[in-house]
Amino acid sequence: METVSTNRSFAGTQGVYTHASAETGTDMTFAVYVPDHEEGARLPVVWYLSGLTCTHANVMEKGEYRQAASELGLIIVAPDSSPRGEDVADDESYDMGQGAGFYVDATEEPWAKHFRMRSYVEKELPELIAREFPADMERQAIFGHSMGGHGALTIALRNPDQYKSVSAFAPIVSPLNCPWGEKALGGYVGNDKAIWRQYDACALIEDGARVGDILVDQGTSDNFLEEQLKPQLLVEACDKAGIPLSLNMREGYDHSYYFISTFMEDHLRWHAERL
């Protein structure tokens with residue numbers, strides 16, 4: 001691991017780091033915020049997964065999480081949203097390729113060689129965080145935005161023993177039922193929709209996956225709400241499964257970081273209660 005930068009902020013350290021990933025076969029960049037703490041202390045970890053076109057920098061620069069994280073004693077880890085590099089496959093559109101990893105392990109060409117964001121986020125990066133930072137890996141939470149909300153929900157549902165809590169901002173709740181998901185999953189993992197179900201929060205719940213409870217914030221003025229996000233599908237799946245879901249429809253808010261930063265502290269306090 002190499003340090004790109006560190007900055008003092010709210011009685012803590014905001015760092016940016018790179019390492020050579022065995023999963024993606026590329027150098028990966030990620031951000032970690034560590035509050036000040038007593039020597040030898042281990043702090044709970046909250047993972048933030050970013051959305052389409054984003055890197056670690058979007059939430060780091062616009063998410064406004066550090067003051068609350070410092071107060072609550074939470075380490076915040078923000079991975080990139082895909083592998084990157086000159087030899088990494090890409091697409092001219094914003095919703096495939098670099099910046100659009102969808103937190104899957106791709107099996108189709110030309111994506112299979114590098115696009116292994118599921119294994120990277122679930123396994124490889126946590127092992128690095130456990131080695132290099134004062135992280136209590138028995139206390140992990142995960143949340144994210146849009147594509148990253150999809151990633152957070154599906155990762156938590158597949159790994160309920162690894163994460164104590166999960167939440168999301170404007171998540172893609174059912175890639176099986178929206179254009180973004182159909183394009184990404186078809187391209188990355190092929191046309192067998194039975195395989196897609198492991199990357200669809202609603203399908204995972206229908207197939208028996210469970211978490212303790214879920215928090216979702218969604219803006220009513222989000223231009224992706226009706227066609228891509230469809231939070232009512234998650235409401236229906238959770239109702240049938242008996243999973244407590246707190247869905248907050250935020251009047252007038254859109255899909256941007258103005259929305260995310262407004263409710264960031266609410267989510268961190270919600271996770272802190274469970275950690």
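Okay, let's start with a definition: helices (H or I, at least four residues) and strands (E, at least two) are DSSP runs, numbered from the N terminus. With that in hand, Ser 9 sits in the loop between strand 1 and strand 2 (12–20).

A quick word on the model. It is predicted, so to speak of local features we need pLDDT of at least 70, and side-chain atom pairs count only at pLDDT 80 or more, while totals for chains, interfaces and linings use all residues. Residues are numbered from 1 along each chain as its sequence is written, and side-chain values use heavy atoms, with hydrogens and water left out.

Back to Ser 9: is this residue buried or exposed? Ser 9 counts as buried, at 17% relative accessibility. Here buried means under 20% relative accessible area, exposed means over 50%, and partly exposed is in between, with a 1.4 Å probe and protein chains only. Leaving out residues up to four places away in sequence, Ser 9 touches Tyr 33 and Arg 66, where contact means heavy atoms within 4.5 Å.

Two strands pair, by the way, if DSSP finds at least two bridges between them.

Let's walk along part of that order. Strand 2 and strand 3 pair in the antiparallel sense over nine bridges, and Tyr 17 has Phe 30 in strand 3 as its bridge partner. These two strands form a hairpin with six residues between them, and Gly 25 in the turn has a positive phi of about 70°. Strand 3 (residues 27–35) is mostly covered, with seven of its nine residues buried. Strand 3 also pairs with strand 5 (residues 75–79), again antiparallel, over four bridges, and there Val 32 stands opposite Val 77 in strand 5.

At the other end, how many bridges join strand 8 to strand 9? Six, and these two strands run parallel. One of the pairings puts Ile 214 with Leu 245 in strand 9.

Next, the inside. The largest nonpolar core has 91 residues, and those with the most contacts inside it are Ile 129, Tyr 188 and Leu 268. A nonpolar core is a set of buried Ala, Val, Leu, Ile, Met, Phe, Trp, Tyr and Cys residues joined through side-chain atoms within 4.5 Å. Which residues does Ile 129 touch, not counting those up to four places away in sequence? They are Phe 30, Val 32, Trp 47, Val 77, Ala 135 and Met 137.

On to charges. A search of the whole structure finds 16 salt bridges, each being a side-chain nitrogen of Lys or Arg within 4 Å of a carboxyl oxygen of Asp or Glu. Asp 213 forms one with Arg 274, with the closest N and O atoms 3.0 Å apart. This pair links distant parts of the chain, 61 residues apart: Asp 213 is in the loop between helix 7 (201–206) and strand 8 (214–219), and Arg 274 is in helix 10 (residues 257–274).

Helix 10 also holds Arg 269 and Glu 265, four residues apart, about one turn of the helix. They form a salt bridge too, the closest N and O atoms being 2.8 Å apart. Arg 269 is partly exposed at 29%, and so is Glu 265, at 39%.

Compare that with Arg 118 and Glu 122 in helix 3 (residues 117–132). Their closest N and O atoms are 3.7 Å apart. Arg 118 is buried at 18%, and Glu 122 is buried at 8%.

Last, the cysteines. There are zero disulfides, a disulfide being a pair of cysteine sulfur atoms within 2.5 Å. For Cys 178, the nearest cysteine sulfur is that of Cys 202, 10 Å away. Cys 238 is buried, at 1%.
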